[in-house]
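Look through the structure shown here before reading on. The report then takes its parts one by one.

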Amino acid sequence: MQKPVPYSKAFAARPPREVVIGIAKDMQGKYNPITLGMFAHVANEPPVLAVSIAKEQYSLGAFRLTKEFVIALPSESQVEETMLYGTKSGRDCDKLALAGAKTMPATKIDCVLLVDAAANYECRRIAETAVGDHVVLFGEVLAAHIADPAVRRLYILGPGYRMGPLPG
Ligand SMILES: Cc1cc2nc3c(=O)[nH]c(=O)nc-3n(C[C@H](O)[C@H](O)[C@H](O)COP(=O)(O)O)c2cc1C
């Protein structure tokens, strides 16, 4: 059986869901991370990832300016960092410095990778489309990196952006 509910209620029933950190060089010349729950792998050949950024976000300007960005999959050790990137704005602070994040240079684009992440993807923006109050950006993956040894990924597990690894 199914019963009709407002979309917000059906959406709230979706966790666990993915969370990623998008990083782009901003208008001040610093690398600015933003936490994003709206994320998808949308093509295989070439590999393309999509993220959706609200129109009012500071980060949207950075993603548009440089046309290249990193998508990092945070690990279970990055709960606080991921929350910081999703609650503070690059408009008025350097989030990577504030978090004391360990970074290393990307190999194909002007950006940084998160050393503690489960994976990092270097992307070149190939398209964007406005959808409602968000803009969806499509990035072709130019290079990919994974943690060695492997680490567990972080997910959104429940209301209030409660995050952690998948149980089990
Ligand atoms: C778990 C989580 C998921 C989020 N998902 C998105 C998202 O998909 N799109 C978006 O525009 N903002 C999302 N946000 C909000 C932004 O990360 C937040 O507004 C951030 O402070 C914007 O940073 P900026 O001002 O440096 O661009 C999310 C926040 C959290 C904590």
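A residue is near a molecule if its C-beta atom, placed from the backbone, lies within 6 Å of it. Strands are DSSP runs of at least two residues, numbered from the N terminus. The model described here is predicted.

## Around the ligand

Which strand gives the most to the shell around the ligand? Strand 3 does, with 4 residues. Strand 3, strand 5 and helix 2 (58-66) each supply at least two residues of this shell.

There are 22 residues around the ligand. M38, S59, G86, S89 and G90 come nearest. By type, the residues of the shell divide into 10 nonpolar, 10 polar and 2 charged.

Strand 3 covers residues 31-36.

Y31, P33 and T35 point one way. N32, I34 and L36 point the other way. All of these residues are buried.

Strand 3 pairs with strand 2 (residues 20-25) in the antiparallel sense, over 6 bridges. I21 stands opposite T35 of strand 3. The two strands form a hairpin, with 5 residues between them. In the turn, G29 has a positive phi of about 85 degrees.

## Helix 2

Which residues of helix 2 are buried? They are S59, A62 and F63. These residues cover an arc of only 95 degrees around the axis, which puts them on the same side of helix 2. What covers them includes strand 2, strand 3, strand 5, strand 6, strand 9 and strand 10. S59 is also among the residues that come nearest to the ligand.

## The largest nonpolar core

The largest nonpolar core has 35 residues. V20, I23, F69, V70, I71, A72 and C111 touch the most other members. The elements that give two or more residues to this core are strand 2, strand 3, strand 5, helix 2, strand 6, strand 8 (112-114) and strand 9 (119-131). Strand 6 gives the most, with 5 residues.

Take I71 as an example. Leaving out residues up to four places away in sequence, I71 touches V20, G22, L49, V51, Y121, C123 and G139. One of these, V20, is itself among the core residues that touch the most other members.

An open sheet of 3 strands has the order 1-11-12, with antiparallel pairing. Strand 1 (17-18) and strand 12 (162-164) stand at the edges. Each has a single partner strand, so one side of each is left without a neighbour in the sheet.

How many bridges join strand 1 to strand 11 (residues 155-158)? There are 2, and the strands run antiparallel. The bridge partner of R17 in strand 11 is I156.

Most residues other than glycine have a negative phi, and most peptide bonds are trans. Some places in this model depart from that pattern.

K67 has a positive phi of about 60 degrees although it is not a glycine. K67 is partly exposed, with 15 other C-beta atoms within 10 Å. Y161 has a positive phi too, near 55 degrees. Y161 is found in the loop between strand 11 and strand 12. With 16 C-beta neighbours inside 10 Å, Y161 counts as partly exposed.

Two cis peptide bonds can be found as well. One joins E45 and P46, with omega about 0 degrees. P46 lies in the loop between strand 4 and strand 5. Another runs from D148 to P149, with omega near 5 degrees. P149 lies in the loop between strand 10 (134-146) and strand 11.

## N44 in its loop

N44 is in the loop between strand 4 (39-43) and strand 5 (48-54). Is N44 buried or exposed? N44 is exposed, with 7 other C-beta atoms within 10 Å. N44 and V141 are 97 residues apart along the chain. Their C-alpha atoms are separated by 9.9 Å.

How values were computed. Residues are numbered from 1 along each chain as its sequence is written. This is a predicted model: local features need pLDDT of at least 70, side-chain atom pairs count only at pLDDT 80 or more; totals for chains, interfaces and linings use all residues. A residue is buried if 20 or more other C-beta atoms lie within 10 Å of its own, exposed if 12 or fewer, and partly exposed in between; C-beta atoms are placed from the backbone. Two strands pair if DSSP finds at least two bridges between them. Ala, Val, Leu, Ile, Met, Phe, Trp, Tyr, Cys and Pro count as nonpolar, Asp, Glu, Lys and Arg as charged, and the others, Gly among them, as polar. A nonpolar core is a set of buried Ala, Val, Leu, Ile, Met, Phe, Trp, Tyr and Cys residues joined through C-beta atoms within 7 Å. Two residues are in contact if their C-beta atoms, placed from the backbone, lie within 7 Å. The arc is that of the directions from the helix axis to the C-beta atoms.
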